[in-house]
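Subject: Structure for your files

Hello,

Here is the structure I said I would pass on. My notes on it follow below.

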Amino acid sequence: MFEAMSHSIMGRARKSGILDFRTIYLRDFAINDYGQVDDSPYGIEAGMVLRPEPLAKAIDFCEPKKNNATVILLAADGTELTHSLAKELSQKEHLVLVCGHYKGIDERIRQSRVDLSVSVGKYVVSGGELPAMILSDAIVRLIPGVLGAMESAETDSFAQDGLLGCPVWTRPQEFEGMKVPEILLSGHHENIRKWQRDNRN
């Protein structure tokens, strides 16, 4: 599933050595030869839960304490992912992302090994892999050297006081009778900046 991490901006960051991204296969730490990593929950809850033993071994394999890593669980009840959180996490040297699956993970792992739970929205997906990629992309693009121009990230939506970006145009100046606003063609940088500030949502 993580093939997407080898393409576009993420892929370039990996090739340039700015980003080192590795995946750990949970079944390598299964409790038996059948590759079992989950079990039914105690109580009356339906579904399956990831067992604590393989998760503990997989997380410990990453040596989070030795690497001064922050262990993050992708979970529906976590802290909502925002631009400010992504910016904060972009300053960390090492992150360990734990992908939940099925009904979730055994609560004892959250208590003993997880530093932060993060949610990418108020909805449920089949596993934490896609949210982990969303989180990674939001973080990595804020690391200096990843984007061609850091100014691009600094003017993105949510980067300035939580506001959305302003509308943008490119060539040609006229398309299907619709024209680029004259102010953007004026060359007067201060007036353009003011117009852009006024047109942020």
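How many helices and strands does the protein have? There are eight helices and seven strands. Please keep in mind that this is a predicted model.

Overall shape

The radius of gyration is 21 Å, whereas a compact globule of 201 residues would have one near 17 Å. Along the principal axes, the C-alpha atoms fill a box of roughly 70 × 40 × 30 Å. Of the 201 residues, 34% count as buried. Among contacts with a separation of 6 or more, 67% are between residues 24 or more positions apart.

Helix H2 and what follows

Which residues of helix H2 are buried? In this helix, residues 52-61, they are Pro-52, Pro-54, Leu-55, Ala-56, Ala-58 and Ile-59.

After H2 comes Glu-63, which sits in the loop between H2 and E3. Its phi is positive, about 50 degrees, although Glu-63 is not a glycine. Glu-63 counts as partly exposed, because its relative accessibility is 39%.

Further along, strand E3 holds Thr-70. Is Thr-70 buried or exposed? Its relative accessible area is 13%, so Thr-70 is buried. Beyond its neighbours within four places in sequence, Thr-70 is in contact with Lys-92, His-94, Leu-95, Val-96 and Asp-115.

Helices H3 and H5

The axes of H3 (residues 83-90) and H5 (residues 129-140) come within 8 Å of each other and cross at roughly 75 degrees. On the H3 side the contact is made by Ala-86, Leu-89 and Ser-90, and on the H5 side by Leu-135, Ala-138 and Ile-139. Sorted by class, the residues in this contact are five nonpolar, one polar and no charged.

The loop around Gln-36

Gln-36 is in the loop between helix H1 (8-15) and strand E1 (38-39). With a relative accessible area of 24%, Gln-36 is partly exposed. Which side chain does Gln-36 join through a polar contact? The partner is Asn-32, at 2.9 Å. Not counting residues up to four places away in sequence, Gln-36 touches Arg-27, Ala-30, Ile-31 and Arg-51. Leu-26 lies 10 residues from Gln-36 along the chain, and the C-alpha atoms of the two are separated by 9.5 Å.

Backbone points to look at

Most residues other than glycine have a negative phi, and most peptide bonds are trans. Glu-63, described above, has a positive phi. Tyr-102 also has a positive phi, near 55 degrees, and is a residue other than glycine. Tyr-102 lies in the loop between E4 and H4. At 42% relative accessibility, Tyr-102 counts as partly exposed.

Where is the peptide bond that is cis? This bond runs from Arg-171 to Pro-172, with omega near 5 degrees. Pro-172 lies in the loop between helix H6 (150-154) and strand E6 (174-175).

Regards

Terms used. Residues numbered from 1 in each chain as written. Predicted model: local features only at pLDDT ≥ 70, side-chain atom pairs only at ≥ 80, totals over all residues. Heavy atoms only, no water. Axes fitted to C-alpha atoms, helices over the stretch in contact; angles between N-to-C directions. Helix = DSSP H or I, 4+ residues; strand = E, 2+ residues; numbered from the N terminus. Contact = heavy atoms within 4.5 Å. Nonpolar A, V, L, I, M, F, W, Y, C, P; charged D, E, K, R; others polar. Buried < 20%, exposed > 50% of the residue type's maximum accessible area, 1.4 Å probe, protein only. Polar contact = N/O pair within 3.5 Å; in protein donor to acceptor, adjacent residues only side chain to side chain. Rg over C-alpha atoms; globule rule 2.2 N^0.38 Å.
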